[in-house]
Amino acid sequence: MAGLLALSRTIDRMNEFIGKSVSWLILLAILVSAANAVIRKVFDTSSNAWLELQWYLFGAAFMLAAAYTLKQNEHIRIDIVYGLFSRRVQHWIDLFGHLFFLMPFVTLMVFYFVPYVSLSFHSGEMSTNAGGLIVWPAKAILLVGFFLLALQGISEIIKKIAIMRGIIDDPNPFISVHEQAELEAKALAEEAKALAEEVRS
């Protein structure tokens, strides 16, 4: 198990680095969008290439950060039923979901995207829009994103088994929406109390 946990830590570090790095692509996409809008309004000209570049940048940020989002347990989930169970049952639900839903899906996507990207690359596929960009980099981003998500899925399965066996602590203890609201209210109350004490002194 020690070797698997070492592998999990390596995957986690890699996806954390990638996820935090690609977040800057959002800023770059905003700057490209702003520049494109200014040029269009001031000079009455534009280019589909700049518009598609915005899509590429945003898509890259979304896809390449998906694995990091999974690591942080920040993907959208509905916990109305999930929150009713004990933490051990929740671990079993998570493990079942990773094994029988996440991993088959991402494996299938990687399997189908390899020839899809290869064909696009070798044919030099271009955008159907006039003056658009080459297409294969966008498709390659999808492939890499699902591959990273598959790796993170492996890491999450390893960690989940280790947690259930008591080998490591739970890095993402479940907190229901109600409990989260209570914690936030308590934190705000403490801040208000501290501020009031500063004013009195």
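**Exercise 1. Contacts of F146**

Task: In this predicted model, find which residues F146 is in contact with, leaving aside its neighbours within four places in sequence.

Solution. Step 1: take heavy atoms within 4.5 Å as the contact criterion. Step 2: with the sequence neighbours within four places set aside, the contacts of F146 are M63, F105, V106, M109, V110 and F113. Step 3: check the burial of F146. Its relative accessibility is 10%, so F146 counts as buried, the limit being under 20%.

**Exercise 2. The largest nonpolar core**

Task: State which members of the largest nonpolar core touch the most other members, and which helix supplies the largest share of this core.

Solution. Step 1: the core holds 24 residues, and L64, V106, F146 and L149 touch the most other members. Step 2: at least two core residues come from each of helix 3, helix 4 (66-71), helix 5 (87-123) and helix 6 (136-164). Step 3: helix 6 gives the largest share, with nine residues.

**Exercise 3. Aromatic pairs**

Task: Classify the ring pairs F96 and F101 and F113 and F146 by geometry, and say how the residues of each pair are exposed or buried.

Solution. Step 1: the whole structure contains seven aromatic pairs. Step 2: for F96 and F101, the centres are 5.9 Å apart and the planes are at 65°, an edge-to-face pair. Step 3: F96 has 46% relative accessibility and therefore counts as partly exposed; F101, at 56%, counts as exposed. Step 4: for F113 and F146, the centre-to-centre distance is 5.8 Å with 20° between the planes, so the pair is stacked, since planes under 30 degrees apart fall in that class. Step 5: F113 belongs to helix 5 and F146 to helix 6, so this pair ties together parts that are 33 residues apart in sequence. Step 6: F113 counts as buried at 10% relative accessibility, and F146 counts as buried at 10% as well. Step 7: ring pairs also link F113 and F146 with F105 and Y116 in a cluster.

**Exercise 4. Helix 2**

Solution. Step 3: the buried residues of helix 2 include A29, V32 and N36. Step 5: helix 3 (48-64) is included in what covers the buried residues.

**Exercise 5. Positive phi**

Task: Locate N73 and D44 in the chain and give the phi of each.

Solution. Step 1: most residues other than glycine have a negative phi. Step 2: N73 is not a glycine, yet its phi is positive, about 60°. Step 3: N73 sits in the loop between helix 4 and helix 5, and its relative accessible area of 36% makes it partly exposed.

**Exercise 6. Annotated segments**

Task: Compare the UniProt "transmembrane region" annotation with the secondary structure over residues 53-70 and 134-155.

Solution. Step 1: the unreviewed UniProt entry places this annotation on residues 53-70, 91-114 and 134-155. Step 2: residues 53-70 are 94% helix and 0% strand, with end C-alpha atoms 26 Å apart. Step 3: residues 134-155 are 91% helix and 0% strand, with end C-alpha atoms 34 Å apart.

Terms used: Residues are numbered from 1 along each chain as its sequence is written. This is a predicted model: local features need pLDDT of at least 70, side-chain atom pairs count only at pLDDT 80 or more; totals for chains, interfaces and linings use all residues. Side-chain values use heavy atoms; hydrogens and water are left out. Buried means under 20% relative accessible area, exposed over 50%, partly exposed in between (1.4 Å probe, protein chains only). Helices (H or I, at least four residues) and strands (E, at least two) are DSSP runs, numbered from the N terminus. UniProt positions are given in the numbering used here, feature names are shortened, and annotations may be inferred rather than shown by experiment. A nonpolar core is a set of buried Ala, Val, Leu, Ile, Met, Phe, Trp, Tyr and Cys residues joined through side-chain atoms within 4.5 Å. Rings of Phe, Tyr and Trp (its six-membered ring) pair if their centres lie within 6.5 Å; planes under 30 degrees apart count as stacked, over 60 as edge-to-face and the rest as tilted.
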